[in-house]
Each structure stands twice: as C-alpha cells, then as structure tokens.
Amino acid sequence: MNDLAGKHIVLGLTGGIACYKAAELCRALVKEGATVQVVMTEAAGQFITPVTMQALSNRPVYHSQWDPRETNNMAHINLSREADAILIAPASADFMAKLLHGRADDLLSLMCLARPIDQVPLLVAPAMNREMWANPATQRNVAQLQADGAHVFAVGSGDQACGETGDGRMLEPQELLEEVIVFFARKSLRGQRVLVTAGPTYEAIDPVRGITNLSSGKMGFAIARAAREAGADVTLVAGPVHLPTPRGVRRLDVRSARDMQQAVDAEVMNATVFVATAAVADWRPANAAEQKIKKDGSGQAPALTFVENPDILAGVAQGARAKSGALYCVGFAAESHDLLANAQAKLARKGVPLLVGNIGPATFGQDDNALLLVDAQGTTELPRASKIDLARQLVAEIARRLGKKT
Ligand code: CTP
C-alpha cells in the first residue's frame, strides 16, 4: 500500500518526550510513499537528534531560520511552498500557544505563519502532561487553532512519561498515520451514516461448543475503515473476530445471528447506507443445551436439530423498500462456484440495489480478494487487490450510485 504516494509532508517536531514517537511516525509516512521534510525546534533537539530524523527521512533536517543552505536564505518560505501539509508532531503546549498568537521567533513557527493558508493545511498532534492538556489555557488554544483552520488531532489516554495517568499523550505513530491518510482521503460519503455487519456468527450448541464459519471479518472491517476515511459516520456490528477496531468507527460486538439482528435493528433507523458483509450462520441448533452435552457411552452422537436464522439483510432491505429507499442496501455473496449467476440470483432474492460477489473459500482469512459488483445496470469487476484497496473502490462505487440517486 502506498496511501500517501506523491504527498510531501513537512514534519515539525517541537519539545516533548513524544519526539521518540515522531521517529517511528516519520518512518511510517515514508513507508506509505510520502516524502518527508523534517523541521525541528531547538527544544525538540533536546529529545531527539537531527541525525536520527535525517536518517529516517533521507533528507537533511532544518532547524534554524538562518540556515545558509537555502540560496535565498528563506527556508520558511521555500519549505512550506512545496508541502501538501505541515504536520506538527509532537505539538507542545507552548508551541500551540505560539501558533495561536502568530508568533514567529523560530523556523517552524515562522514557516507555519508564512504558509499559504488555503493550500497548505496545518495538522497538529498535541502531546503533553494531562494537567497541561486539561488546563483551560490549552483547551482555549486548541479551540482557537481549530477556528483558525488548523486540524487538531485527538490525544491518547493512559500512562504518561511523567508517571501520571490521563489524557494528553500523543497518538501512536500508526494512529497518526491513519489520521493523516483520512485527512487526505476524498470525502465522498460525507454526511452519510453507514452501518456495516462483519465477521461470522457463532451459534451455541451447549456452553462450550457451537457452530461458526471461516469468515475473518477483514473485508467488513476494511469497508468500515474506508467509509470513515470517506467522511461517513460508521457503526460496525462485528461477530466474534480478533481484529482491531478501525479508528473513528463505533463498534458493537455480537455473537449469534439473533444478537446481530437485534443490534442491526436498533441501529438501522439512523443509517443511510447498510453494508452486510457478515457471514451469518444460516441455521442454529434448535435448542442450545444449558449444560455441556456429555458422551453417554452408547457410541451415539447426539441428534442435533436446526432451525433457520433470520435473514438480516433481506429484512432490512424489505424495510428500506417500504420506506421508499431512504436506506441504500449493499449485500455480499460468498459463493464457492458460479459467482455471476449466484450473485445475480441473490440480488433479486435479497431485494437490494447492489450485490457484491466473491469466492468465499478463496478469500476467508486472506488479506486480498477480488469482487464482482452486480446491480440492475450490469456488472463491474474489481480485480484482485488488498481488502482495503477493494473497500475504498467499493465505497467510491457506492458514493457514485448515491450521487445518481439524489
Ligand atoms: N445475510 C444476512 N442474514 C442471513 C444470511 C445472510 O444478513 N441470515 C446477508 C449476508 O451478510 C450477505 C448476504 O446476506 O450480505 C448473502 O449472504 P450469503 O451467506 O452469501 O447468502 P445466503 O442468503 O445465506 O444464501 P446461501 O447460503 O444459500 O448462498
């Protein structure tokens, strides 16, 4: 993945212990395809050396406004003019106060002030002690920075270098990377509220056994992430999977098909888009035993009887049609063969405007997939790619169809 290919980011470090995370962040940005120009304040130099940052960014680091390397001696102008964004990470309380007042007594603050405000966004990742973060002065500064057009990231919570515990830590490098990718993403679903189901369901036979399937939930989680990147408000109803929640996504964990149906029913009235990727068990044991079923010595397996689970997607789609299309429903079809014919049949059977077919055994648990989109207009193939790439393409396809609808 090269989610930041072609982006040039000026990474500004100010004085704070979180400078050690900036090294990892720099590396992550470069790995994602960005070019990174590091600028450090004098205080940042107390926490990490320019040598480290130069090695990671593969460019000499700037720290002085009097740097003679620039022929016109205007590093603050030259560096900001070529940037797609200036990212201050870590941003100390003092530096934020400085930005707010338009002070410019070092290269980094001078560069922020001199940037073309409409073309070079300023991204700020605060990092400080919890008392400093909670101080009304800091909170006032954050609000004013946002009002002035800066994009201030959230802070993390937990143990702090000072030994205290609370809010104010800088986000972790991977979290910041995700936020930067989100920042640059096209907001094709802005204003939409997307509900996604993902993963398998688990149907209990007794307290220690059950039936489930091989769905890993990765495709659904990728779609939740891509929808959030595209500006949607996203709720993810997840069956039992071991996947981290995509940043900015609200997650509800469920176990059985009926739990999933209950969660979906409670959420769907707020949604404008419903994407059902979950591999819902079609049947569940008619009566789950309250105690573990023991072998009785007869050599006979217990006779299990099954009843059909509710079809969550079909039910939601039916409700959506009744409300004349205020909710756009997308179904998935996990097939083992005859993908096109089965997907077309499922499109009609589920009564949804868009059905996404994939070959279940070839994708369950994998990091990549290939999709076949089927709707009334015909078919669109999304060739094999990583699940996040496919999720982004699918989100774009959904946004295009929503655009046509309105
Ligand atoms: N689905 C659902 N509730 C169910 C079964 C399926 O919401 N009880 C949804 C899935 O999330 C998916 C679509 O319906 O979006 C199709 O799921 P799939 O398992 O491929 O199809 P089934 O309806 O179960 O049909 P079959 O197993 O016969 O292929």
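Two strands are said to pair if DSSP finds at least two bridges between them. The exercises below apply this to a predicted model.

**Exercise 1. Determine how strand E1 is placed in its sheet and how it is joined to E2 and E3.**

Solution. 

Step 1. Begin with the sheet as a whole. It is an open sheet of 5 strands in the order E2-E1-E3-E4-E5, with parallel pairing. Strand E2 (35-40) and strand E5 (151-152) stand at the edges with a single partner strand each, so one side of each has no neighbour in the sheet.

Step 2. Examine the pairing of E1 with E3. The two strands pair in the parallel sense over 4 bridges, and Val 10 stands opposite Ile 86 in E3.

Step 3. Turn to the pairing of E1 with E2. These strands run parallel and are joined by 6 bridges; His 8 stands opposite Thr 35 in E2.

Step 4. E1, helix H1 (residues 19-31) and E2 make a right-handed β-α-β unit.

Step 5. Continue across the sheet. Strand E3 (residues 85-91) pairs with strand E4 (residues 122-126) in the parallel sense over 4 bridges, and Ile 88 stands opposite Val 124 in E4.

**Exercise 2. Decide whether the residues of strand E1 are buried or exposed, and state which way they point.**

Solution. 

Step 1. Recall a general rule: in a regular strand the side chains alternate between the two faces of the sheet.

Step 2. Sort the residues of E1. His 8, Val 10 and Gly 12 point one way, while Ile 9, Leu 11 and Leu 13 point the other way.

Step 3. Apply the cut-off for burial, which is under 20% relative accessible area. In strand E1 (residues 8-13), 6 of the 6 residues are buried, so the strand is largely enclosed by the rest of the structure.

**Exercise 3. Identify the buried residues of helix H4 and what covers them.**

Solution. 

Step 1. List the buried positions. In helix H4 (residues 93-101) they are Ala 93, Phe 95, Met 96, Lys 98, Leu 99 and Leu 100.

Step 2. Find the cover. The elements over these buried residues include strands E3 and E4, together with helix H5 (107-114), helix H6 (130-134) and helix H7 (136-147).

Step 3. Inspect the end of the helix. H4 is followed by Gly 102, whose phi is positive, near 70°.

**Exercise 4. Locate the backbone features at Pro 90, Asn 73 and Asp 338.**

Solution. 

Step 1. Consider Pro 90, which is found in strand E3. The peptide bond from Ala 89 to Pro 90 is cis, with omega near 5°.

Step 2. Consider Asn 73, in the loop between helix H2 (50-57) and helix H3 (75-81). Its phi is positive, near 55°, and at 36% relative accessibility Asn 73 counts as partly exposed.

Step 3. Consider Asp 338, in the loop between strand E16 (328-335) and helix H12 (339-350). Although Asp 338 is not a glycine, its phi is positive, about 45°. Asp 338 is exposed, with a relative accessible area of 53%.

**Exercise 5. State the composition and extent of the protein.**

Solution. 

Step 1. The secondary structure comes to 14 helices and 19 strands.

Step 2. The C-alpha trace spans about 85 × 55 × 40 Å along its principal axes.

Step 3. Of the 406 residues in the protein, 49% are buried.

How values were computed:
Residues numbered from 1 in each chain as written. Predicted model: local features only at pLDDT ≥ 70, side-chain atom pairs only at ≥ 80, totals over all residues. Heavy atoms only, no water. Buried < 20%, exposed > 50% of the residue type's maximum accessible area, 1.4 Å probe, protein only. Right-handed = clockwise from strand over helix to strand, strands pointing away. Contact = heavy atoms within 4.5 Å.
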